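Please read them alongside the coordinates.

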Amino acid sequence: MLVDASEPQAQPRRNRVNLFDLAYQRIEELLVRCELAPGRFLAMQDLQDITGFGRTPVHHAVNRLAADTLIVIRPRHGLQIAPIDLARERVLLHLRRDIERFVIRLAAERAGPSHRNQMLHMERLLRERRDRLTLAEFNALDRRIDQMVLSAAGEPFLEHTLRPLHTIFRRIGFIYHAHMAQKPSLDGTIDHHLSVLNAIATRNAERAVAASDALIAFVDGMFDEMESRIDPSRLDCSIEPLLTS
């Protein structure tokens with residue numbers, strides 16, 4: 001079901017589209033950082049207040065995020081931030097692996113000088129900053145890496161397919177690194193991203209696909225730990241925490 005996004009006084013189209021994208025990006029960021037906690041119920045007005053965007057951009061963003069399965073629209077009950085179902089998202093990880101193989105190979109084969117320059121610059125930045133990167137900074141760079149790879153692949157359709165999957169697993173990564181009892185280091189995920197970047201930048205398609213598979217296997221390993229160790233209320237805030245401070 002789509003939310004009615006009609007508005008009596010519409011803004012000029014170019015500004016409106018820009019606001020749609022900005023509202024989507026803002027809500028996506030809040031989802032990844034779990035500031036909009038999995039399982040939370042809220043009203044459309046709450047999102048407008050939280051983001052500072054008006055009714056129409058927020059409605060469009062919510063419709064997109066509902067299509068991405070990150071927000072659930074519940075008629076007569078408002079909205080729910082989609083709870084995290086580890087079994088379902090592990091299945092989606094297999095889907096991401098297969099699509100990512102295609103995208104990574106395409107990027108390695110098609111990457112031009114500008115794409116390779118950007119990836120080598122990103123690789124150098126990650127190496128230089130790896131010991132000082134915060135989780136928020138890494139997530140911002142990770143989003144840029146995804147954009148670089150999709151740009152190098154040169155097929156716009158792929159962005160609509162992969163972006164929701166990237167968001168889903170960026171949220172998983174955030175919970176894993178921020179809320180496990182013993183905070184895991186970012187070193188492993190940084191190393192895997194470095195391997196992907198270098199393989200694409202050097203146009204080695206086979207090595208790029210192998211590096212992508214290794215990254216997905218690393219993410220899959222997060223699920224083993226989360227299934228046994230993460231507080232279930234982190235995955236669905238409607239579940240009562242086992243311990244309260």
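1. A search of the whole structure finds one aromatic pair. The ring centres of Phe 169 and Phe 223 are 6.4 Å apart and the planes are at 70 degrees, so the pair is edge-to-face. The rule pairs rings of Phe, Tyr and Trp (its six-membered ring) whose centres lie within 6.5 Å, and calls planes under 30 degrees apart stacked, over 60 edge-to-face and the rest tilted. Phe 169 is in helix 7 (residues 157-179) and Phe 223 in helix 9 (residues 205-229), so the pair ties together parts that are 54 residues apart in sequence. Both Phe 169 and Phe 223 are buried (under 20% relative accessible area; exposed is over 50% and partly exposed is in between, with a 1.4 Å probe and protein chains only).

2. On provenance, this is a predicted model, in which local features need pLDDT of at least 70 and side-chain atom pairs count only at pLDDT 80 or more, while totals for chains, interfaces and linings use all residues. Residues are numbered from 1 along each chain as its sequence is written, and side-chain values use heavy atoms, with hydrogens and water left out.

3. The largest nonpolar core has 73 residues, of which Leu 126, Phe 169, Ile 200 and Met 226 touch the most other members. Helix 7 gives the most to this core, with 10 residues. Such a core is a set of buried Ala, Val, Leu, Ile, Met, Phe, Trp, Tyr and Cys residues joined through side-chain atoms within 4.5 Å. Leaving aside neighbours within four places in sequence, Ile 200 is in contact with Ile 104, Ala 107, Ala 108, Ala 111, Met 119, Val 149 and Ala 208 (contact means heavy atoms within 4.5 Å).

4. The charged end of Arg 64 sits over the ring of Tyr 24, at 3.6 Å from the ring centre. The criterion is NZ of Lys or CZ of Arg within 6 Å of the ring centre and within 35 degrees of the ring normal.

5. The disulfide count is zero, where a disulfide is a pair of cysteine sulfur atoms within 2.5 Å. For Cys 34 the closest cysteine sulfur is that of Cys 237, 9.8 Å away and too far for a bond. Cys 34 counts as buried at 16% relative accessibility, whereas Cys 237 is partly exposed at 37%.

6. Which residues have a positive phi without being glycine? Cys 34 has a phi near 60 degrees, and Arg 203 has one of about 60 degrees. Most residues other than glycine have a negative phi. Cys 34 is in the loop between helix 1 (13-32) and strand 1 (41-42). Arg 203 is in the loop between helix 8 (187-201) and helix 9, and is partly exposed at 43% relative accessibility.

7. For the overall fold, the protein chain has nine helices and three strands, in the order α-β-α-α-β-β-α-α-α-α-α-α from the N terminus. These are DSSP runs, numbered from the N terminus: helices are H or I with at least four residues, strands E with at least two.

8. The C-alpha trace spans about 50 × 50 × 30 Å along its principal axes. Of the 245 residues, 47% count as buried. Among contacts with a separation of 6 or more, 76% come from residues 24 or more positions apart.
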